[in-house]
Amino acid sequence: MTLTAPAPAAETPRSRRRAPGPFQRMRDSYLRYWYAYAMVAPVVIVLGVLVGYPLARGFYLTLTDANSLNSARTIGVNTIDATYKFIGLDNYAEILWGPAAYDRFWSHFVWTIVWTVTCVVLHYVIGLGLAMLLNQRLRGRVAYRLLLILPWAVPTFVTVFAWRIMLADAGVINTMLGTIGLAEPSWLEDPTWQRTAAIMVNTWCGVPFMMLSLLGGLQSIDENLYEAAEIDGASAWQRFRHVTLPGLSSVSSTVVLLGVIWTFNQFAIIFLLFGNTAPDAQILVTWAYRLGFGQQPRDFAMSAAYGVLLLAILIVFTSFYYRWLKRNDQLA
Amino acid sequence: MTSSPSTSAPRKPQRRRGELGPVARVGTHVTLSVASMIALFPIFWLLYLSLGPDKDDYLHPGGIAAKATLDNYWFVLTNTAFFDWLWSTMVVAGGTTLFGVMSAATTGYAVSRMRFPGNRTLMWVLLLTQAFPIAVLIVPMYEIFSRLGLVDSHFGLILVNCTTIVPYCSWLLKGYFDTIPIELDEAGMMDGLTPFGTFWRLILPLARPGLAVAAFYAFITAFAEVAFASTFLLDDSKYTFAVGLQSFISEHDAQWNLMAATAVLIAIPVTIFFYLVQRHVVTGLTAGGVKG
């Protein structure tokens with residue numbers, strides 16, 4: 001009886017799992033908070049200085065007309081002070097409904113969404129397919145697994161170069177397509193093919209992570225469930241639908257969220273594949289970079305405003321995603 | 001119940017669960033082989049092209065086999081800034097790892113073991129910063145750094161890399177610390193250790209595998225970081241590999257053979273390294289998320 005009586009000061013991390021003893025309550029002292037704060041201090045300082053301050057500064061920049069011509073800069077020994085001025089929300093207005101809004105923001109926005117959805121769907125479907133094949137009793141499955149994760153192991157900037165060589169006009173992919181009598185698209189010049197190429201390369205890079213994560217998820221599903229389903233006469237599809245997918249749901253929701261965030265923010269692949277040459281294949285992240293660093297004069301304010309908009313999109317998406325997950329959990 | 005279910009199978013005459021019929025087995029092998037080939041091909045191709053002595057060999061690769069040579073490698077190692085880039089990359093990746101993992105470890109521990117006001121907020125902030133598009137930070141960082149004279153310095157790049165590494169490693173290590181039984185901490189406290197003493201003497205040594213994964217992740221991420229490195233490094237002797245490889249195209253008149261050789265030299269050590277620890281990385285990556 002005395003054991004079950006909850007102690008009022010049970011604010012310990014394990015309080016959900018264990019009834020707090022006197023020892024635990026003793027640790028709930030001012031001293032413990034002190035230690036906790038000392039331990040998190042380095043990260044809080046690092047994040048505050050390296051993320052918080054730049055973020056605030058960046059937000060301020062979006063309210064100005066800062067570019068590389070009016071920012072503070074040093075030429076030789078002379079330091080020129082910044083002369084940009086505060087212009088309020090004009091940058092956002094110009095991006096979202098200014099005269100060039102469709103051309104510059106909305107077309108990239110649509111392509112970014114298409115890019116993200118296509119890539120994540122491909123990652124997930126191919127990754128799950130391969131994971132299920134690897135999750136069987138099969139000779140050589142360890143070898144297959146090692147071969148299949150290769151794209152993940154090699155640094156992206158190296159593999160993108162490999163793809164660039166392969167996708168060049170007379171590169172090996174077009175040579176192969178040519179020998180079997182198909183058209184030889186100019187992957188790196190034509191807008192539609194640029195987009196196709198970008199999706200292809202990103203899919204190639206992203207599948208191994210999905211595959212490994214889902215394989216881990218599959219291995220954690222209790223085999224007895226399958227056996228029970230089989231005895232009840234469930235078909236392969238029914239077992240997949242009612243045992244495999246629900247068993248994977250927690251892994252899936254994590255990797256899909258990570259996948260969406262990573263793909264949405266995927267900078268390296270498009271930047272390295274096309275450099276500054278493909279305005280139509282740029283997603284919002286690379287476009288923002290280009291405004292700030294890939295043109296003269298560098299438009300710092302606009303680039304930062306794009307950044308803030310991107311962050312807003314991601315935050316909205318993540319909170320809806322969480323809400324959706326929660327609702328589904330309650331229904332299940 | 002948790003013991004292997006396959007041991008109870010023999011009473012059934014048909015094959016055990018997860019074992020395939022002949023058609024399915026052949027189909028699986030064919031699919032996996034094709035997938036493996038697709039996975040391997042670009043790297044294999046890079047390797048192959050790196051052996052061709054002429055810069056246009058990629059256009060008629062059939063000829064390479066007959067005249068394969070390691071000259072490209074020799075040229076890269078002796079006539080380019082390869083070792084400068086290697087040094088830069090090691091300084092940046094090593095510095096990021098050291099700084100990032102050290103500050104992340106204590107935070108991971110505190111968030112895992114102690115409930116203090118602000119605990120949940122901190123976890124949220126850590127998670128949120130992982131979603132930051134580089135575009136949000138790159139402009140203000142550039143502006144701040146140019147005022148502080150940190151553009152074109154390795155130290156500046158280390159600081160920038162920490163913005164992504166530190167939150168991530170904190171999450172990863174929190175997940176790892178959660179797997180260490182709290183009874184150990186209690187025993188440590190009983191023996192008169194302070195919380196910091198417990199962390200330092202008991203938990204940190206036990207968390208070595210987790211620290212290794214975090215360090216590895218930090219190293220690889222900093223190693224392959226493109227956006228900040230391309231923006232903040234100006235002097236080509238300070239380039240990291242990620243930027244150096246790009247500069248090859250203009251500087252050496254698109255000599256794809258040399259570029260391929262450089263890429264292979266960069267990729268091989270990292271790839272081997274990666275293979276050794278890949279399983280742990282996946283566990284760490286998803287564990288952090290599942291518990292959120």
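Predicted model: local features only at pLDDT ≥ 70, side-chain atom pairs only at ≥ 80, totals over all residues.
**Entry 1. Chain A overall.** I began with the secondary structure of chain A, which comes to 14 helices and 2 strands. Of the 332 residues in chain A, 50% are buried. I then looked at contacts in chain A with a separation of 6 or more, and 63% of these join residues 24 or more positions apart.

**Entry 2. Annotated segments.** I consulted UniProt, where an unreviewed entry lists "transmembrane region" for chain A at residues 34-56, 109-134, 146-166, 197-218, 255-274 and 300-322. I checked two of these segments against the model. Residues 146-166 of chain A are 86% helix and 0% strand, with end C-alpha atoms 23 Å apart. Residues 197-218 of chain A are 100% helix and 0% strand, and their end C-alpha atoms lie 31 Å apart.

For chain B, the unreviewed UniProt entry places "transmembrane region" at residues 26-48, 85-110, 122-142, 154-173, 211-234 and 254-277. Here too I examined two segments. Over residues 26-48 of chain B I found 100% helix and 0% strand, with 30 Å between the end C-alpha atoms. Over residues 211-234 of chain B the figures are 83% helix and 0% strand, with 33 Å between the end C-alpha atoms.

**Entry 3. Helices α4 and α11 of chain A.** I looked up the packing of α4(A), residues 101-134, on α11(A), residues 236-264; their axes come within 10 Å and cross at roughly 140°. The two helices are therefore oblique to each other, and α4(A) passes α11(A) in a right-handed crossing. I listed the residues that make the contact: from α4(A) they include Trp115(A), Cys119(A), His123(A) and Met132(A), and from α11(A) they include Phe240(A), Leu248(A), Gly259(A) and Phe264(A).

**Entry 4. Helices α5 and α9 of chain A.** I next took α5(A), residues 141-148, and α9(A), residues 191-219, whose axes come within 10 Å and cross at roughly 145°. On the α5(A) side I found Arg141(A), Arg145(A) and Leu148(A), which meet Pro208(A), Met211(A), Leu212(A), Leu215(A) and Gln219(A) of α9(A). The residues of this contact divide into 5 nonpolar, 1 polar and 2 charged.

**Entry 5. Thr203(A).** I stayed with α9 of chain A, where Thr203(A) is found. Is Thr203(A) buried or exposed? Its relative accessibility is 8%, under the 20% cut-off, so I count Thr203(A) as buried. Leaving aside residues up to four places away in sequence, Thr203(A) touches Leu122(A), His123(A) and Ile126(A). I had already noted His123(A) in the contact of α4(A) with α11(A).

**Entry 6. Helix α8 of chain A.** After α8(A) comes Gly181(A), for which I noted a positive phi, near 80°.

How values were computed: Residues numbered from 1 in each chain as written. Chains lettered and ligands numbered in written order. Heavy atoms only, no water. Helix = DSSP H or I, 4+ residues; strand = E, 2+ residues; numbered from the N terminus. Axes fitted to C-alpha atoms, helices over the stretch in contact; angles between N-to-C directions. Parallel < 35°, antiparallel > 145°, perpendicular 65-115°, else oblique. Left-handed = near helix turned anticlockwise from the far one by under 90°. Contact = heavy atoms within 4.5 Å. Nonpolar A, V, L, I, M, F, W, Y, C, P; charged D, E, K, R; others polar. Buried < 20%, exposed > 50% of the residue type's maximum accessible area, 1.4 Å probe, protein only. UniProt positions renumbered as here; feature names shortened; annotations may be inferred.
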